[in-house]
Amino acid sequence: MSSKNATSNVVSVDEQAFEKQSEAAVDEDGFEVVDETPEFRATVQMEVQAKVDANHPDGIVDTSEERIYGATLEQEERIRGREEELERISARATFGTQAGREERSRDVAAKRNEERRTAFQKRAASVDVWADPDRGDPREELTKEQLAAVNTQAVRLSEKLDGWSRAAIGRRLGEAVVGGKDMMSAVVSVFEALQTVPGQVVPIGKLEDVNRKEVRIAGRVETLWVPSHPSIAQVGLIADDSGKTRVTVWKASNAPLMDEGEQVRIDGAARNWYEGRVSLAVTGWSSLTFPERGRWWE
């Protein structure tokens with residue numbers, strides 16, 4: 001019985017709150033006190049708009065020295081990091097496009113090339129003393145008579161050697177004379193050396209002295225023979241003032257046919273040896289030109 005009475009006297013929390021809310025407050029005269037202060041509450045639309053404004057980029061433009069208005073700490077750190085990154089990118093771009101950078105790069109490349117060339121010339125000087133970049137022009141060591149003779153011979157040789165200037169030939173002659181050769185020996189040695197350099201038309205009589213695979217010659221077709229093999233288009237002799245040599249034109253080269261008695265120039269002729277003598281072969285890498293063909297006015 002006592003347990004039932006105890007249970008019936010228990011009042012729930014909601015009931016207690018309802019009783020307190022129903023008890024109106026009164027003043028000293030016994031009148032009920034009414035709170036006339038209006039309560040302002042945001043509508044759902046206003047709350048949504050507030051969140052949008054707080055996260056919109058325009059909502060964080062207004063900044064202070066310490067914090068970014070409307071941004072959380074995570075957002076602020078991300079924004080600050082991005083600003084610093086943009087500053088670094090801008091600085092690198094400014095440095096990369098600044099005036100004169102290309103010119104300085106060219107100067108650095110030219111300086112390095114000069115250093116490599118100087119180092120190579122220093123090594124070459126152990127074989128040829130005139131390759132030393134620190135040594136001056138050999139003509140400065142000649143007497144007036146020797147220098148006059150060198151200049152005269154340089155003019156004469158330049159008329160016989162295509163592609164060589166008088167200054168280049170004069171320097172070669174000066175080196176030979178300073179090296180101990182008399183003028184005639186110097187002229188002969190320089191002329192023979194420059195005759196056989198790459199790109200020069202080699203006299204046929206000097207083909208045995210050339211130390212490379214391909215040469216350039218010019219001469220007249222002296223005679224043509226019947227080819228001994230079906231893979232050969234033509235075979236014959238070509239001669240100039242210094243000598244003559246056997247020339248074989250292979251069909252695979254697709255070279256134009258030569259006629260007896262006409263002048264021909266062969267570029268890229270391959271050197272071979274036939275019966276103990278040097279011979280030439282026209283291959284796919286060779287080219288033939290005929291200076292007299294098409295000259296109808298003669």
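A: Let's start with how axes are drawn: they are lines fitted to C-alpha atoms, for helices over the stretch in contact, and angles run from 0 to 180 degrees between N-to-C directions. Helices themselves are DSSP runs (H or I, at least four residues), numbered from the N terminus. Keep in mind that this is a predicted model, where local features need pLDDT of at least 70, side-chain atom pairs count only at pLDDT 80 or more, and totals for chains, interfaces and linings use all residues. Residues are numbered from 1 along each chain as its sequence is written, and side-chain values use heavy atoms, with hydrogens and water left out.

Now look at helix 6 (residues 144-158) and helix 8, whose axes come within 11 Å and cross at roughly 35°. Helix 6 passes helix 8 in a right-handed crossing, meaning that the near helix is turned clockwise from the far one by less than a right angle. On the helix 6 side, the contact (heavy atoms within 4.5 Å) includes Gln-146, Ala-149 and Val-150, while helix 8 brings Met-183, Val-187 and Phe-191. These residues divide into six nonpolar, two polar and one charged. Here Ala, Val, Leu, Ile, Met, Phe, Trp, Tyr, Cys and Pro count as nonpolar, Asp, Glu, Lys and Arg as charged, and the others, Gly among them, as polar.

Next comes helix 7 (residues 166-178), which packs with helix 8 (residues 183-195) at an angle of about 130°, their axes 9 Å apart. That makes helix 7 oblique to helix 8, since angles under 35 degrees count as roughly parallel, over 145 as roughly antiparallel, 65 to 115 as roughly perpendicular and the rest as oblique. This crossing is right-handed. Among the residues touching are Ile-169 and Leu-173 of helix 7 and Met-183 and Val-187 of helix 8. By class, the contact has nine nonpolar, no polar and one charged residues.

Finally, helix 6 and helix 7 pack at about 130° with axes 8 Å apart, and are therefore oblique to each other. Helix 6 passes helix 7 in a right-handed crossing. Their contact includes Gln-146 and Val-150 of helix 6, and Ile-169 and Leu-173 of helix 7. It divides into seven nonpolar, five polar and one charged.

How values were computed
Helices (H or I, at least four residues) and strands (E, at least two) are DSSP runs, numbered from the N terminus.
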